[in-house]
Amino acid sequence: MKFIYIFLVITLFTFQGCTTKEASPNSNHQPNKTDPLTTAPLTTATSDEPMKDDQAEEFEEEFSEQETSTASDPLSGYNRVMTSFNDTFILYALNPVSKVYAAVIPQPLRLGLSNAVDNLRFPIRFANNLLQGKFQNSSDELERFIINSTVGLGGLIDVATDYMTTPIPAHDEDFGQTLGHYGIGSGFHVVLPFIGPSNIRDIVGLTADAYLSPIVHVNGLDHYKIPQNLNQSVGIYSVHTINKTSLHLGEYENLREDAIDLYPFFRDTYEQKRNSDITE
């Protein structure tokens, strides 16, 4: 039971990152081309219509493939109920508390705390970039960690991004993405209580990442971990979740406004974003 609790806490942290970022669905915009052979108006009109039909068919086929890719949903009944529960929790508990928190804690302090937690997650990004053979990304992550941990006062200031002549980019990778990189399918979709959208592959990945994270307590790894028990882990992630939400107030409400049906909207947005993260 404790083991399950650990990765639920980790997922809470990760899910906040997902839900506070607006989805960026792919758009297949193509530049208009000028064909010198179609200068006659009649010729231009008659040659353009079949092209639009072909593009529409391609779009419908692509959209159909995306729908098929997210069709593995044997827990849809449970997932719908849990999505409504999480939505109520966010709107009537997490967001109000985060607004009060934002009114009390100055923004520079909240940004510093967010940077420090992100810096502590370095082992997850470093190891998973290595596992995927992205050696330059691993080198960037190591360089970012050294600079931010020293010059950046323990990670409170993101010097590598904000104060370098040539910023060193972050490369956010986790074990779920590593599994996807090697062709492991996502499995069926699961909505976790208080946490949000996930799938079987990502739950396995989060469990593995918990062993690498310094801020998740795991029995037998006490010397490597900051929290010395499960309650301290819960406390750290609760504060971090409220802090991170306070930096993105209103974004969840804006995102859900686009949904006709909340559950499939969040499910498809999550799965498409994870697929996009894996192919990057």
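Which helices do the buried residues of α6 pack against? Keep that in mind as you go.

This is a predicted model, where local features need pLDDT of at least 70, side-chain atom pairs count only at pLDDT 80 or more, and totals for chains, interfaces and linings use all residues. Residues are numbered from 1 along each chain as its sequence is written, and side-chain values use heavy atoms, with hydrogens and water left out.

**Stop 1: α6.** Select 135-150. Helices (H or I, at least four residues) and strands (E, at least two) are DSSP runs, numbered from the N terminus. α6 has 16 residues and reaches 23 Å from first C-alpha to last, close to the expected 22 Å. The expected span is 1.5 Å times one less than the number of residues. Now colour its buried residues, among them Asn137, Asp140, Arg144 and Ile147. Buried means under 20% relative accessible area, exposed over 50%, partly exposed in between (1.4 Å probe, protein chains only). Show α4 (107-120), α5 (122-131) and α7: the buried residues of α6 pack against these. Contact here means heavy atoms within 4.5 Å.

**Stop 2: two loops.** Most residues other than glycine have a negative phi. Select leucine 153, between α6 and α7. Its phi is positive, near 55°. Leucine 153 is exposed, at 56% relative accessible area. Next, take phenylalanine 194, in the loop between β1 (189-192) and β2 (196-199). Its phi is near 65°, and phenylalanine 194 is partly exposed, at 44%.

**Stop 3: the largest nonpolar core.** Select Ile90, Leu94, Tyr252, Leu255, Ala259, Leu262 and Phe266. A nonpolar core is a set of buried Ala, Val, Leu, Ile, Met, Phe, Trp, Tyr and Cys residues joined through side-chain atoms within 4.5 Å.
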